[in-house]
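Let's take a walk through a protein together. Have a look at the sequence and the 3D picture, and then we'll go through it step by step.

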Amino acid sequence: QVQLVESGGGLVQAGGSLRLSCAASGTFFSINAMGWYRQAPGEQRELVAAITSSGTTNYADSVKGRFIISRDNARNTVYLQMNSLNPEDTAVYYCNADMRRRSYSSWQQYWGQGTQVTVSS
């Protein structure tokens, strides 16, 4: 069974920083892209940042220059460093990974359970 386990959420004041981590565990063959999405109350889930297995990154316009996504392929872990946080960043943040269980399996999307990030003004 494959799991994505997130950590690092919490409450922070505006202007502060948080670092999210997401580790993939279980039995799988390979991971392609990994990313972070977020969903605020009453809003749709949106992409925050993504990174390919070779390190190419993609960011939502709203977080460019403030958030940094990185990954450690040896640890099957993706990180999101969030700086200059503002109340509009308040949301549940979800880890996402494109993975194959076996060499012959098709790629599938996996999701973490979500971690709450709350930014107070």
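If you search the whole structure, you find 1 disulfide, which here means a pair of cysteine sulfur atoms within 2.5 Å. In general, a disulfide is a covalent bond between the sulfur atoms of two cysteines. In this protein the partners are Cys22 and Cys95, with 2.0 Å from S to S. Cys22 sits in strand S3 (residues 18-25) and Cys95 in strand S9 (residues 91-100), so the bond ties together parts that are 73 residues apart in sequence. The link is left-handed, with -80° about the S-S bond. Are these two cysteines buried or exposed? Both Cys22 and Cys95 are buried (under 20% relative accessible area, with exposed meaning over 50% and partly exposed in between, using a 1.4 Å probe and protein chains only).

Before going on, a word on where this comes from. This is a predicted model, in which local features need pLDDT of at least 70 and side-chain atom pairs count only at pLDDT 80 or more, while totals for chains, interfaces and linings use all residues. Residues are numbered from 1 along each chain as its sequence is written, and side-chain values use heavy atoms, leaving out hydrogens and water.

Now find Phe28, in the loop between S3 and strand S4 (30-39). Phe28 has 19% relative accessibility, so it counts as buried. Which residues does Phe28 touch, leaving aside those up to four places away in sequence? They are Val2, Asn76, Met99, Arg100 and Arg101, where a contact means heavy atoms within 4.5 Å. Take Met99: it is 71 residues from Phe28 along the chain, yet their C-alpha atoms are separated by 7.3 Å.

Time to zoom out. The protein has 0 helices and 11 strands (DSSP runs numbered from the N terminus: H or I of at least four residues for helices, E of at least two for strands). Of its 121 residues, 40% count as buried. Among contacts with a separation of 6 or more, 56% are between residues 24 or more positions apart.

What about the overall dimensions? The C-alpha trace spans about 50 × 25 × 25 Å along its principal axes. The radius of gyration is 14 Å, which agrees with the value near 14 Å for a compact globule of 121 residues; this radius is taken over C-alpha atoms, and the globule rule is 2.2 Å times the number of residues to the power 0.38.
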